[in-house]
Amino acid sequence: MKDQIPFNKVIIPHPSIDILEDEGYEVVGGKLKIPLSFNVNGAQMYSRLFIDYVATKEEGSIYLVILSRPRKPLDFTGSGLRDTLLPYLLIYPECSGVLYVNVAAGSIQVIRLGRDDGESN
C-alpha cells in the first residue's frame, strides 16, 4: 500500500502523535497536500485536500489522519461524514480508513467507509 498512498517522510511533532502512539498507532508519514483540478466549461479551477499524517497499526493497515480544527468541526452525521471524508476515501480506497484526532479531547475516531444495503430509512 505504501506504493499507492504517497508518504511525506517529514513528520512535524504535534501532540496528536502522542495520542496516536498511546492507542498503538505508528505515524509513518507527515502532512500531504493533494492538488485537485476541475474543468468547468473549459475554465480550470483548482483546490486541494490536506492529510495531516499517515499512520499504521497492524501489518498492511494504512490510515489517513485528519486533525480536528476548532473552526471546522466534523459533523458526526451520515451526511457530515460523507461531505467531509468521502473525497479522501475515494482518492485512496486502499487505505484502512480515516483516524479523526481531537487533540483537545485526547480522542481518536476510527472511520471506515461502508456500503448501505438499501435497507436503511
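Which residues have the most contacts inside the largest nonpolar core? I began my notebook with that.

**Ground rules**

I am reading a predicted model, where local features need pLDDT of at least 70, side-chain atom pairs count only at pLDDT 80 or more, and totals for chains, interfaces and linings use all residues. Residues are numbered from 1 along each chain as its sequence is written, and side-chain values use heavy atoms, with hydrogens and water left out.

**Entry 1: the whole protein**

I looked up the secondary structure and found two helices and seven strands. Helices (H or I, at least four residues) and strands (E, at least two) are DSSP runs, numbered from the N terminus. Along the sequence I read the pattern α-β-β-β-β-β-α-β-β. The C-alpha atoms fill a box of roughly 50 × 40 × 30 Å, taken along the principal axes.

Next I checked burial. Buried means under 20% relative accessible area, exposed over 50%, and partly exposed in between (1.4 Å probe, protein chains only). Of the 121 residues, 32% are buried.

Then I checked contacts, meaning heavy atoms within 4.5 Å. Among contacts with a separation of 6 or more, 56% join residues 24 or more positions apart.

**Entry 2: the cores**

A nonpolar core is a set of buried Ala, Val, Leu, Ile, Met, Phe, Trp, Tyr and Cys residues joined through side-chain atoms within 4.5 Å. The largest one here has 18 residues. Ile 51, Leu 64, Leu 85, Tyr 88, Tyr 92 and Val 98 have the most contacts inside it. Strands S2 (32–40), S3 (43–51), S5 (63–67) and S6 (97–102) and helix H2 (78–91) each supply at least two residues of this core. H2 gives the most, with three residues.

Not counting residues up to four places away in sequence, Tyr 88 touches Leu 49, Phe 50, Ile 51, Leu 64 and Ile 66. I also found a second, separate core of 13 residues, which includes Tyr 53, Ala 55, Leu 99 and Ile 108. My background note: in soluble globular proteins, nonpolar side chains tend to be buried together.

**Entry 3: helix H2**

H2 has 14 residues and reaches 19 Å from its first C-alpha to its last. That is close to the 20 Å expected at 1.5 Å a residue, where the expected span is 1.5 Å times one less than the number of residues.

Where does H2 bend? It bends by about 55° at Leu 85, and Pro 87 follows within four residues. The bend is the angle between axes fitted to the seven residues ending at a residue and the seven starting there.

The buried residues of H2 are Gly 80, Leu 85, Tyr 88 and Leu 89. Their cover includes S3, S5, S6 and strand S7 (107–111).

Is Thr 56 buried or exposed? It counts as buried because its relative accessibility is 16%. Thr 56 sits in strand S4 (residues 53–56). A polar atom of its side chain lies 3.2 Å from the backbone oxygen of Glu 58. The backbone oxygen of Ser 61 lies 2.5 Å from a polar atom of the Thr 56 side chain.

Ser 16 is in helix H1 (residues 15–22). At 0% relative accessibility, Ser 16 is buried too. Leaving aside neighbours within four places in sequence, Ser 16 is in contact with Tyr 53, Leu 67, Val 101 and Val 103.

How values were computed: Polar contact = N/O pair within 3.5 Å; in protein donor to acceptor, adjacent residues only side chain to side chain.
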